[in-house]
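Here are some notes from going through the model, in the form of numbered points. Have the structure open while you read.

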Amino acid sequence: MKRYTVFVITENFIGILNRITIIFTRRGINIDALTASESRIEGIHRVTIEVTASEETVIQLVNQIEKIIDVIKAFHHEDDSVVYQEIALYKIPVSRLDGGLEKIIRQHNAKIIAAEPEFVVLELTGHKDQTQRLLEILKEYDLLEFARSGRVAVAKRMLTIDDIVK
Amino acid sequence: MKDSKIRGADIVVRSLIAEQANIIFGYPGGAIMPVYDALYDYHDQVRHVLTRHEQGAIHAAQGYARVSGKVGVCIATSGPGATNLITGLADAQIDSTPLVCITGQVAAHLLGTDAFQETDILGMSMSCTKWNIQVRRVEDIAPAIAKGFYIAKSGRPGPVLIDITKNAQVDFGDFNYIKCEGFRSYKTQIPVEKSAIQEAAFLINMAERPYLLFGQGVILGKAEQELKAFLEKSGIPAASTLLGSGALSQDHPNYVGKLGMHGNYAPNVLTNHCDVLIAVGMRFDDRVTGDLKRYAKQAKIIHLELDPAEIDKIVKCEVAVLGNSKESLSLLKEAVNQKSHPEWMARFRELEEEENTVVINNDLKPIKAGLTMGEVIHQINHYKADDAVLVTDVGQHQMIAWRYFNYKKTRTQVTSGGLGTMGFALPAALGAQLHDYSKQVICVVGDGGIQMTIQELGTIMQTKAPVKIVLLNNNFLGMVRQWQQMFFEKRYSFTELDNPDFIKIAEAYSIKAQKVTERADLKEAIEDMFIHDGPFFLEVVVEKEDNVFPMIATGCSVEEIRLS
């Protein structure tokens with residue numbers, strides 16, 4: 001079992017996400033994270049799925065995803081062949097803002113992106129282990145809320161979406 | 001300009017006509033009524049057959065598609081009409097049958113509000129269709145139907161569902177039908193790679209005991225001639241899967257029998273003795289492979305397959321030849337040496353003899369009093385035409401009919417293979433018959449399965465489809481009973497049936513019927529059935545507790561196939 005990033009290049013039609021996730025559901029495989037967004041080309045979406053499975057299984061998943069009529073192409077990558085980021089938001093009560101917290105923010109390269117009378121929101125982008133480390137620390141600061149996005153990623157190889165779509 | 005516009009419902013029907021859908025199976029209801037109203041105007045151009053249940057409609061469309069090679073079409077209303085299609089969709093999906101199913105849907109402004117007869121058929125059918133779409137605007141109807149037909153029949157065929165809201169059916173729009181010829185996200189043809197052909201030919205030319213398995217892919221790819229030519233040049237013995245039967249005449253010298261759980265002895269056993277295994281248009285179903293850990297481990301496997309997702313899905317292959325079987329087989333034929341394998345072929349014939357002695361002779365010429373299913377099929381073989389179509393349901397009768405029916409022509413085998421849908425046969429036989437009234441269509445069915453869709457006798461009555469229905473009645477859900485006997489200590493839990501008087505039922509539908517309980521009457525009854533002009537219902541009461549052998553029990557390897 002390994003962590004893989006699956007990229008799906010697809011037409012932006014209703015229900016496409018459902019069709020993709022059904023393929024995971026059928027095999028009883030959990031999706032670790034999923035993000036969907038527009039691509040550089042209008043009308044074409046890209047879905048990025050993080051999944052932990054054996055390579056054999058991932059290949060079969062990718063083949064079956066690619067079989068979906070409205071899917072243009074699907075790939076899988078190991079972590080070292082993609083550049084990826086995640087974003088995490090942390091909500092902390094204002095009462096806990098002190099020198100210690102300031103130091104933590106500096107050390108982790110986090111930002112305060114909102115300040116309200118009762119709370120502040122910190123933002124950190126990075127890999128999961130980085131945002132996780134900050135999470136563990138902030139739990140000591142009466143963390144009110146935490147949210148982390150799925151992975152947004154681009155492949156390292158020089159194949160462009162134009163080559164894929166053609 | 002309003003004058004040039006037509007109703008969405010008319011667009012639906014005219015689109016179907018543009019796709020040469022000569023026959024439509026269906027059942028009306030509220031949300032599809034505008035389409036039915038339009039059908040009234042076009043009844044001279046397209047024939048609609050009213051079945052007695054939507055499941056009957058879709059199975060009939062499947063039967064029609066399987067024998068004709070065309071896209072089967074069925075129509076149903078929203079809600080329960082649509083959900084009644086689900087079994088047929090799943091069946092067509094797993095057996096790669098091209099269908100276009102049109103369902104009515106509540107008006108667009110009511111979607112998602114739990115309106116009367118509203119159901120999320122798009123969501124429900126997503127995992128059992130090749131493609132589906134909901135059309136909410138009149139201008140989207142024709143393009144959706146064009147795309148649907150293209151998807152259903154191209155590449156690896158499959159079922160398509162088009163859900164059309166009522167407002168789209170009653171609104172007016174322009175009709176300018178443009179057939180779909182492809183779109184960017186869907187590749188139907190992969191050109192066969194020359195290097196794969198070379199690698200495959202190399203293995204085949206080196207092989208001492210090559211062996212070929214063919215499936216429905218040969219029929220779907222219209223590659224029957226190419227298969228025959230390849231076999232004749234290479235001298236390779238060939239066995240068929242359930243759905244591949246008919247792709248090669250059983251009289252062909254290279255034909256060695258049938259694969260799988262209840263297939264023939266030699267083809268199963270020798271799977272584990274060949275040195276090169278060539279699989280053509282088949283997907284290594286678990287009913288074919290038995291225990292995978294002990295399946296053809298000694299062999300180098302070559303997989304000729306159109307669908308990339310099938311490669312290495314179940315069995316890892318040495319060489320994958322992606323592409324249409326028609327093209328790949330003809331290229332492969334050019335690349336292999338002319339050869340014969342008399343000793344290897346003789347091993348098949350040896351084991352065949354063993355199966356004859358232990359199983360087949362007793363099945364076909366029984367000495368015991370009770371009638372066997374096998375002897376019924378054996379008698380049918382004497383009277384059937386070469387191109388007679390055999391439609392079967394699911395269970396013991398299906399396996400026996402498949403084992404003993406003498407397949408000579410392609411597209412003569414219609415059965416529910418992958419899904420194993422009881423109730424499939426009667427409506428599917430109706431659909432097969434309506435494709436061609438002059439062809440013999442023989443529907444062999446069990447007493448369990450027929451009662452799941454027995455209402456379609458009404459459709460047979462109304463259409464006068466001359467289907468020859470052969471009910472093999474053992475008053476049991478026979479296959480389940482066989483398993484209970486073999487693996488559940490004869491605990492016959494809910495498998496025995498108190499059956500109605502089937503003859504009376506058939507006669508109530510004005511279908512000529514006859515019941516046979518004695519061997520002495522069988523031959524004449526079958527003769528009468530074939531002579532009779534029109535539908536015929538023949539009930540044969542067979543031995544209650546016969547078993548189907550050979551059998552590869554669950555968890556066993558193909559080599560461990562039991563003869564008794």
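This is a predicted model: local features need pLDDT of at least 70, side-chain atom pairs count only at pLDDT 80 or more; totals for chains, interfaces and linings use all residues.

1. Once residues up to four places away in sequence are left out, Cys443(B) touches Val391(B), Ala425(B), Leu426(B), Ala429(B), Val467(B), Lys468(B), Ile469(B) and Val470(B). Cys443(B) also belongs to the largest nonpolar core, which has 199 residues, and there Val280(B), Val391(B) and Cys443(B) are the ones that touch the most other members. Helix 7 of chain B, residues 141-153, provides the largest share of this core, with eight residues. Apart from it there is another core, of nine residues, including Ala88(A), Ile105(A), Leu124(A) and Leu138(A). As background, nonpolar side chains in soluble globular proteins tend to be buried together.

2. Still on burial, have a look at helix 17 of chain B (residues 396-404). How many of its nine residues are buried? Nine of the nine, and the helix is mostly covered.

3. Two backbone spots deserve a check by eye. Arg411(B) is not a glycine, yet has a positive phi of about 60°. Arg411(B) sits in the loop between helix 17 and strand 16 (413-414) of chain B, and counts as partly exposed because it has 18 C-beta neighbours inside 10 Å. Lys490(B), also not a glycine, has a positive phi of about 55°. Its place is the loop between helix 20 (478-487) and helix 21 (502-508) of chain B. With 10 other C-beta atoms within 10 Å, Lys490(B) is exposed. For context, most residues other than glycine have a negative phi, and most peptide bonds are trans.

4. That brings us to the peptide bond between Phe549(B) and Pro550(B), which is cis, with omega about 0°. Pro550(B) is in the segment after strand 20 of chain B. Asn547(B) is placed in the segment after strand 20 of chain B as well. Is Asn547(B) buried or partly exposed? It counts as partly exposed, because it has 16 C-beta neighbours inside 10 Å and the cut-off for buried is 20 or more. Asn547(B) and Thr372(B) are 175 residues apart along the chain, but their C-alpha atoms are separated by 9.8 Å.

5. Strand 19 (residues 512-516) and strand 20 (residues 536-541) of chain B run parallel and are joined by five bridges. In one of these pairings, Gln514(B) has Leu538(B) as its bridge partner in strand 20 of chain B. What do strand 19, helix 22 (residues 519-531) and strand 20 of chain B make together? They form a β-α-β unit, and it is right-handed.

6. On to the domains of chain B. The assignment gives domain 1 (2-173), domain 2 (194-348) and domain 3 (369-541). Between the C-alpha centres of domain 1 and domain 3 of chain B there are 30 Å. In the contact between these two, 24 residues of domain 1 of chain B meet 25 residues of domain 3 of chain B. On the domain 1 side, strand 2 (23-26), helix 3 (54-68) and helix 5 (86-94) of chain B each supply at least two residues. Helix 3 of chain B gives the most, with eleven residues. That side of domain 1 of chain B has nine nonpolar, eleven polar and four charged residues.

7. Chain A has five helices and nine strands, which follow one another from the N terminus as β-α-β-β-α-β-β-α-β-β-α-β-β-α. Its domain 1 comes in two pieces, 2-82 + 153-165, and its domain 2 covers 85-148. The centres of these two domains of chain A, taken over C-alpha atoms, are separated by 31 Å. The C-alpha atoms of chain A fill a box of roughly 55 × 35 × 30 Å along the principal axes. Of its 166 residues, 25% count as buried.

8. Last, the contact between the chains. Here 13 residues of chain B are in contact with 14 residues of chain A. On the chain B side, seven of the residues are nonpolar, three polar and three charged.

Technical notes
Residues are numbered from 1 along each chain as its sequence is written. Chains are lettered from A and ligands numbered from 1 in the order in which they are written. Two residues are in contact if their C-beta atoms, placed from the backbone, lie within 7 Å. Ala, Val, Leu, Ile, Met, Phe, Trp, Tyr, Cys and Pro count as nonpolar, Asp, Glu, Lys and Arg as charged, and the others, Gly among them, as polar. Domain bounds come from an automatic or database domain assignment. A nonpolar core is a set of buried Ala, Val, Leu, Ile, Met, Phe, Trp, Tyr and Cys residues joined through C-beta atoms within 7 Å. A residue is buried if 20 or more other C-beta atoms lie within 10 Å of its own, exposed if 12 or fewer, and partly exposed in between; C-beta atoms are placed from the backbone. Helices (H or I, at least four residues) and strands (E, at least two) are DSSP runs, numbered from the N terminus. Two strands pair if DSSP finds at least two bridges between them. A crossover is right-handed if, with the strands pointing away from the viewer, the path from the first strand over the helix to the second runs clockwise.
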